[in-house]
2 protein chains.
Amino acid sequence: MPESPTEPAVAVLSEEESWHLLAGADLGRLAVSIGGAGDDRDDRDDRGVDIFPINYVVADRVIFFRTAPGSKLMDLTKHPIVALETDGTHHRRRWSVVVKGTAVRLGLDQEIEASGVLFLHSQAPTEKWNYVRVTASSITGREFRSSRQS
Amino acid sequence: MPESPTEPAVAVLSEEESWHLLAGADLGRLAVSIGGAGDDRDDRDDRGVDIFPINYVVADRVIFFRTAPGSKLMDLTKHPIVALETDGTHHRRRWSVVVKGTAVRLGLDQEIEASGVLFLHSQAPTEKWNYVRVTASSITGREFRSSRQS
């Protein structure tokens with residue numbers, strides 16, 4: 001089918017739509033900074049990035065996820081600025097939502113219980129959980145006309 | 001069905017399996033560093049991360065993608081260390097592969113043609129493309145026993 005010249009290839013979604021799509025999904029990818037100046041082991045500027053699949057929940061436009069102890073959380077302590085992406089398909093158009101924000105490890109049981117994150121499904125079941133809250137500084141959403149069906 | 005105590009919740013995939021899964025997919029998410037010390041506009045340590053959905057191809061364990069001009073590529077010039085994640089479902093188990101590597105914008109038409117990236121599908125069709133090659137420094141793959149069907 002020929003492409004319609006009036007249909008934009010990329011549509012920018014509203015903040016409202018973006019939050020709606022984000023909250024309707026539960027699998028995202030968290031991008032974090034690693035290494036660099038904050039790393040005591042090394043003075044070189046070895047800053048880099050890492051990326052992790054996570055299951056999350058959204059409550060009142062705040063994002064929560066849980067994770068097993070490890071490098072992911074240690075890096076969040078040093079580099080709390082994160083980006084979270086999720087995407088999906090809607091009426092043969094793919095959408096993608098990206099949240100930028102600040103990650104904080106939850107410390108109080110009440111806060112963890114109130115967040116609803118305890119009910120979160122996870123792809124990597126384990127007994128010992130840490131709970132993290134991401135407060136968004138921005139959210140952007142885009143919808144793409146794909147050149148193939150998906 | 002009760003979980004088998006002998007089945008690990010998370011299985012580490014071999015490098016071979018990880019490359020196979022990566023090459024068999026074409027939609028990934030690219031995590032990049034943004035801002036920070038390399039940014040002339042600002043002396044604060046405003047380093048952060050951003051994340052973009054991309055369509056990619058793999059040829060001889062090198063990753064290629066194309067993108068419209070913009071902030072993504074400008075940041076790659078300053079911060080070439082990237083992480084690329086892709087995931088999928090295989091026999092009711094989710095897998096995720098993460099490549100860490102260095103991104104270089106391709107300059108020669110011959111190199112671009114040889115890479116096969118010209119045949120790449122894209123979610124955001126536009127006329128003006130830039131072509132980027134990611135040389136992997138590491139690849140890791142994991143497979144998760146999901147707590148739900150997906």
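Q: Which side chain does B:Arg93 join in a polar contact?
A: This is a predicted model, so read every value as computed from it. The side chain of B:Arg93 makes a polar contact of 3.1 Å with that of B:Glu143.

Q: Where is B:Arg93 found, and is B:Arg93 buried or exposed?
A: Start with the element. B:Arg93 lies in strand S6 of chain B, residues 93-105. Then check the cut-off: buried means under 20% relative accessible area. B:Arg93 has 14%, so it counts as buried.

Q: How many helices and strands does chain A have?
A: Chain A has 3 helices and 7 strands. Their order from the N terminus is β-α-β-β-β-α-β-β-α-β.

Q: Which residues of helix H1 in chain A are buried?
A: In H1 of chain A, residues 15-24, the buried ones are A:Ser18, A:Trp19, A:Leu21 and A:Leu22. They span an arc of only 165 degrees around the axis, so they sit on the same side of H1(A).

Q: Which exposed residues are on the face turned away from the buried side of H1(A)?
A: That face carries A:Glu16, A:His20 and A:Gly24.

Q: What covers the buried residues of H1(A)?
A: Look for strands. The cover includes S1 (10-13), S3 (48-59), S4 (62-67), S5 (81-90), S6 (93-105) and S7 (130-145) of chain A.

Q: What share of chain A counts as buried?
A: The share is 51% of its 150 residues. Now take contacts in chain A between residues at least 6 apart in sequence: 72% join residues at least 24 apart.

Terms used:
Residues numbered from 1 in each chain as written. Chains lettered and ligands numbered in written order. Predicted model: local features only at pLDDT ≥ 70, side-chain atom pairs only at ≥ 80, totals over all residues. Heavy atoms only, no water. Buried < 20%, exposed > 50% of the residue type's maximum accessible area, 1.4 Å probe, protein only. Helix = DSSP H or I, 4+ residues; strand = E, 2+ residues; numbered from the N terminus. Arc of directions from axis to C-beta. Contact = heavy atoms within 4.5 Å. Polar contact = N/O pair within 3.5 Å; in protein donor to acceptor, adjacent residues only side chain to side chain.
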